[in-house]
Amino acid sequence: MLDVAGLRKVYEGQGHRVEAIADLTFRVGTGEFACLVGPSGCGKTTLLRCLAGLLAPTAGMVRVDGVPVAGPPPELAVVFQEYGRSLFPWLRVRENVELPLRAKGLPKARRQSIVDDALAAVGLADAGRAYPWQLSGGMQQRVAIARAVGYHPRVLLMDEPFAAVDAQTRADLEDLIRDVWRRLSVTLLFVTHDIDEAVYLGQRVIVLSAAPSTVDADLAVDLPDERDQLSTRADPRFTDLRTQVWSRIKRTTALEASP
């Protein structure tokens, strides 16, 4: 469903040249949940913006369901880290979730039904009349997720979406997104700096090298499909996988620092 081939991104301007992504190639299959991690500054957000068609790559190709990405694909949705800036404060929660459905040209009755289902899916069935600024940070991120889910994307990209919430809310949102993924069978690429989160959530963990980024490792997460915050994180296999990912990141960071 998501095919990245030889992707490269170089920023140039005023005599300054930065190669953020060197040569990235990987695939995410239909209905798969893959997490992407890497050292700080390795170009994770740049990569996601290229995948979403928000930033043109210098070289290489991104395809969604076999179609080259030349702009935001209609079957793809993105949830950003800065949820507060992605919601319109003058619109109520229902109106925020409904906005992309209006752009699709769906009839009112259909829009209302989708919004009801999306808000119920994220546990906000009773919050539709509130404004985003009246909600907690975790609830605002749920609204952003509901908007993406209600759009019925075939591919969902998430850019460190839980980084700005407290630990308890983060755990709740992690379980929420796994539940949404299972029920919708959406193809999901989740970008995070948190190694534990990547192992807990994904079926695969793609590890990027230090910038300019390449794929350093692509590890299968062979944990049971049914997961919970206590027993899964206490599983010795979880610890083993976490150690593998951490050692990969430390190794690539050490290579970058060596003369």
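This is a predicted model: local features need pLDDT of at least 70, side-chain atom pairs count only at pLDDT 80 or more; totals for chains, interfaces and linings use all residues.
**Entry 1: the cores**

I began with the largest nonpolar core, which holds 53 residues. Within this core, I145, L188 and V245 touch the most other members. A general point to keep in mind here: in soluble globular proteins, nonpolar side chains tend to be buried together.

I also followed V245 on its own. Leaving aside neighbours within four places in sequence, V245 is in contact with V37, I195, V199, V205, V207 and L219.

**Entry 2: helix 3 against helix 5**

Next I looked at how helix 3, residues 93–104, meets helix 5. Their axes come within 8 Å and cross at roughly 30 degrees. Angles under 35 degrees count as roughly parallel, so helix 3 and helix 5 are roughly parallel to each other. The crossing is right-handed. On the helix 3 side, the contact is made by V93, N96, V97, P100 and L101, and on the helix 5 side by V143, A146, R147 and G150. Sorted by class, I read 6 nonpolar, 2 polar and 1 charged residues in this contact.

Which residues of helix 3 are buried? I noted V93, N96, V97, E98 and L101. Their cover includes helix 4 (108–121) and helix 5. Just after helix 3, I came upon G105, which takes a positive phi of about 80 degrees.

H152 has a phi of about 55 degrees and sits in the loop between helix 5 and strand 7 (155–159). E160 has a phi of about 45 degrees and lies in the loop between strand 7 and helix 6.

Are they buried or exposed? H152 is partly exposed, because its relative accessible area is 48%. E160 counts as buried because its relative accessibility is 13%, and buried means under 20%.

I also looked up the peptide bond from A211 to P212, which is cis, with omega near -5 degrees. P212 is in the loop between strand 9 (204–208) and strand 10 (213–220).

**Entry 3: an arginine in helix 6**

My last stop was R170, in helix 6 (residues 167–184). R170 is buried, with a relative accessible area of 13%. Not counting residues up to four places away in sequence, R170 touches F162, A163, V165, T192, H193, D194 and E197.

Terms used: Residues are numbered from 1 along each chain as its sequence is written. Side-chain values use heavy atoms; hydrogens and water are left out. Helices (H or I, at least four residues) and strands (E, at least two) are DSSP runs, numbered from the N terminus. Buried means under 20% relative accessible area, exposed over 50%, partly exposed in between (1.4 Å probe, protein chains only). Contact means heavy atoms within 4.5 Å. A nonpolar core is a set of buried Ala, Val, Leu, Ile, Met, Phe, Trp, Tyr and Cys residues joined through side-chain atoms within 4.5 Å. Axes are lines fitted to C-alpha atoms, for helices over the stretch in contact, and angles run from 0 to 180 degrees between N-to-C directions. Angles under 35 degrees count as roughly parallel, over 145 as roughly antiparallel, 65 to 115 as roughly perpendicular and the rest as oblique. A crossing is left-handed if the near helix is turned anticlockwise from the far one by less than a right angle, and right-handed if clockwise. Ala, Val, Leu, Ile, Met, Phe, Trp, Tyr, Cys and Pro count as nonpolar, Asp, Glu, Lys and Arg as charged, and the others, Gly among them, as polar.
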